[in-house]
Amino acid sequence: MSWEDKRRKLEEGELVLAVGGLEEGEDIWLHEPGQGQLSMEQAMTDGKEWLENFCLPHLGVTGFDMGECKVSCYLWTFRDVEVGSVEANGACSYWTFTAMGGGMEAELLLSAQSGQVLYASVSCGVPVASQDAKEMKVFLEDYVASFGLEGKGEAVQEPGLIYKAVGDGELSAVIRPFRVVSSKVNPDTNTLEHMETFNIRIYLARNFTT
């Protein structure tokens, strides 16, 4: 059973609500899992599996060991999102999952109800094979499919991003790939060394415009 088939997916209306909460909310409130919400152990498992079995393979990173990473999770919602109680509406409650180690850093926002990744920021210092626009479009299409949504039309490429309208049109899936080159002096050789990291942000957006 693949990571995205383990439990009920959010309906499109619930996804719109969850994404709207992320875009509009401000003051966060940490809380314990309510009825029907993932435990910390489940959220950690889902976060690790999404990275290992979905995200990193789409970047061409193979054989990555999540056991090298330090991981953490915390559960939260927004105080100012009027969605009723946490127990009554888990759509606007989120697990933040972070992982760091082995040349990778990641932050994921998972639905506390379904474990689906609504937002991800991943930085790889390890060799990344898949970086061109064609491969990023495949990544985006598979991300859309993981929610059980259908894309509308072709993916649109603009400078620094690719996006695609999905479902009934309120939501879009967006991917932003970019490279960062940093430099530092090696104290042993007194030479300037350059390091390149490949970064992606992939997420759902509501009423997306560039």
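**Helices, contacts and loops of the chain**

Trainee: How many residues does helix 1 have, and how far does it reach from its first C-alpha to its last?

Mentor: Helix 1 (residues 12-24) has 13 residues and reaches 18 Å, close to the 18 Å expected at 1.5 Å a residue. The expected span is 1.5 Å times one less than the number of residues in the helix. Helices (H or I, at least four residues) and strands (E, at least two) are DSSP runs, numbered from the N terminus.

Trainee: What kind of model is this, and how are residues numbered?

Mentor: This is a predicted model, in which local features need pLDDT of at least 70 and side-chain atom pairs count only at pLDDT 80 or more, while totals for chains, interfaces and linings use all residues. Residues are numbered from 1 along each chain as its sequence is written, and side-chain values use heavy atoms, with hydrogens and water left out.

Trainee: Which residues of helix 1 are buried?

Mentor: They are E12, L15, V16, A18, V19, G20 and G21. Buried means under 20% relative accessible area, exposed over 50%, and partly exposed in between (1.4 Å probe, protein chains only).

Trainee: And the chain as a whole, how many helices and strands are there?

Mentor: The chain holds three helices and nine strands, in the order α-β-α-β-β-β-β-α-β-β-β-β along the sequence. Of its 210 residues, 46% are buried.

Trainee: Where do helix 2 and helix 3 meet?

Mentor: W50, F54, C55 and H58 in helix 2 meet M136, V138, F139, D142 and Y143 in helix 3, where contact means heavy atoms within 4.5 Å. The residues of this contact divide into seven nonpolar, one polar and one charged. Here Ala, Val, Leu, Ile, Met, Phe, Trp, Tyr, Cys and Pro count as nonpolar, Asp, Glu, Lys and Arg as charged, and the others, Gly among them, as polar.

Trainee: At what angle do the axes of helix 2 and helix 3 cross?

Mentor: The axes of helix 2 (residues 40-58) and helix 3 (residues 133-146) cross at roughly 145° and come within 9 Å. Axes are lines fitted to C-alpha atoms, for helices over the stretch in contact, and angles run from 0 to 180 degrees between N-to-C directions.

Trainee: Which residues of helix 3 are buried, then?

Mentor: M136, F139, L140, Y143, V144 and S146 are. Seen down the axis of helix 3, they fall within an arc of 160°, so they line one face of the helix. The arc is that of the directions from the helix axis to the C-beta atoms.

Trainee: What does the side chain of S146 reach?

Mentor: The side chain of S146 reaches the backbone oxygen of Y143 at 2.6 Å. S146 has a relative accessible area of 7%. Just after helix 3, G148 takes a positive phi of about 75°.

Trainee: Changing topic: where is S172, and which residues is it in contact with?

Mentor: S172 lies in strand 8 (residues 171-186) and is buried at 7% relative accessibility. Beyond its neighbours within four places in sequence, S172 is in contact with K164, A165, V166, Y203, L204, A205 and F208.

Trainee: One more: is G63 buried or exposed?

Mentor: G63 is exposed, with a relative accessible area of 79%. G63 sits in the loop between helix 2 and strand 2 (70-78). G63 and E52 are eleven residues apart in sequence and 8.7 Å apart in space, C-alpha to C-alpha.

Conventions:
Polar contact = N/O pair within 3.5 Å; in protein donor to acceptor, adjacent residues only side chain to side chain.
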